[in-house]
Each structure stands twice: as structure tokens, then as C-alpha cells.
Amino acid sequence: MKRKTKVIVFGLSAVFLVIAILLYIRLHTKDTVIATVNGEAVYQSDFDRIIELNSSLSNEEIVELIMKELLVYQEAVDLGFAINDEIVEGRISSLKEEMPDLYMLCIEQYGSEAAYKKALSYTMLYDMVYEYYSEEYISSLDYNADDIKREAIECNYISKDEMELDEERIIKMYLKEKYRDEIRNYFEQWNNDEFEKANKQYKNLWALWLMASSIP
């Protein structure tokens, strides 16, 4: 009887230990570092935000997604890209004035205007890197400018008069539209290659598993 009682007590202790761990994780995970990529931290708060948007992804897939985004931001730094605070604040002010409901939704999603400002800065940096690789892809193409001009005009992408105003820029715009899928694949392949080469450290995936399994 005593042996059985000890087993029951041990079992209850284990259950309470797991509950305590889960409660601790819930209370202390907002800024917990769950992984790093090339020394850059992946935070629990980033993980939580994505799992709210797409719960069908596994924990590992979510962490990989965050790491790949961080690699893009690291590339932005390497390329010397930067975002002017005034530009970000201007965009937020315009959004607040022109689409106040969307502005409030963004603030609600990110928790504060400061957090949204940071996210918007990252988005703009991401777009700059994507544009850089778009330009790289277009530069690698073998094409005849006259043929592309004629093609763009014939398919009603732009008029002849408009083409003559800024021929080089418009040709690039047309090529980016024409090869949109190929450019996306090119960028994703670069991102995947960088992910494979990156120095990745996973610090707390067991805790992530517990956290995810506890969500109703």
C-alpha cells in the first residue's frame, strides 16, 4: 500500500512539475531567446505572433521562417541599406490619417506604435533586399532592349509616348513584371542557401513543444 502511495505521489509531483514549467514559460517567454542565427536572436514573442497567424506550421518551421527573415535583415546591413526614421514615421502618419481602422488594427497586432514602427522598418528593409536581388536577376538576363520595348507596347503594358519618357527604367519594370515568379524563386533560393550556410543555434525547442501542446 505504501509503495502504491509513493507511486501516486510521485506521479502527481511529475504532473505538477510539468504544470509549473508551463506556467513559468507562459510568464517568462515574451523576450526569451529560443534560437540564434549568425548570432542574431530569435525571440519567443516572434514565435508566438506567427503561431497565432498560422498554427498549421510546426515549431521547427516557424523558427526556420523567422531565421530566414533575420538573414534578409543581416543582408540589408551587409549591403549598407538603412531606413530613415522620418520616412517610417511619415508612412505611419499617412496610414493613421487615411485609414485609421487599419492603423488601429496594426497597433493592436503589434501591441504599440513603437513595435509597429520597428516592424514597418524591417518590412521596408526586406523589400530593399528583395529589390536588390530582383535587379541582380534582371541584369543576368540576355535580352534585346528593342524587342522588350516593342513587346511591352504591343501588350499594352505602356504606351509608346510613355516608354520614350524613361525607357531604361520602364524596361526594367516590365521585365520584373514579366519574370515575377522567376525572381521570387531566385530570391527564395538565395534565402534557402543562406539558411543552409548559417550558424544556427537552437536553445529552447523543448519548451516550445510544451508551449504549443498546451495551447487549446
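Predicted model: local features only at pLDDT ≥ 70, side-chain atom pairs only at ≥ 80, totals over all residues.

Analyst: Take L65: its relative accessible area is 36%, and because buried means under 20% and exposed over 50%, L65 counts as partly exposed.

User: Where is the place of L65?

Analyst: L65 sits in helix α3, which covers residues 59-78.

User: Leaving aside neighbours within four places in sequence, which residues is L65 in contact with?

Analyst: With those neighbours left out, L65 touches I50 and L57. I50 lies 15 residues from L65 in sequence, and their C-alpha atoms are 9.2 Å apart in space.

User: How do strands of a sheet pair?

Analyst: In general, strands of a sheet pair through backbone hydrogen bonds, and the pairing is either parallel or antiparallel. In this model, 3 strands make an open sheet, ordered β2-β1-β3, with antiparallel pairing. Because β2 (40-43) and β3 (200-202) are at the edges with a single partner strand each, one side of each has no neighbour in the sheet. On average, neighbouring strands are turned by 25° against each other, direction ignored.

User: How many bridges join β1 to β3?

Analyst: Strand β1, residues 33-37, is joined to β3 by 3 bridges, and the two run antiparallel. Within this pair, A35 is opposite Y202 in β3.

User: Which strands does helix α2 touch?

Analyst: Helix α2, residues 44-53, packs on the sheet and touches β1 and β2. The direction of α2 makes about 45° with that of β2.

Key:
Residues numbered from 1 in each chain as written. Heavy atoms only, no water. Pairing = 2+ DSSP bridges. Helix = DSSP H or I, 4+ residues; strand = E, 2+ residues; numbered from the N terminus. Axes fitted to C-alpha atoms, helices over the stretch in contact; angles between N-to-C directions. Contact = heavy atoms within 4.5 Å. Buried < 20%, exposed > 50% of the residue type's maximum accessible area, 1.4 Å probe, protein only.
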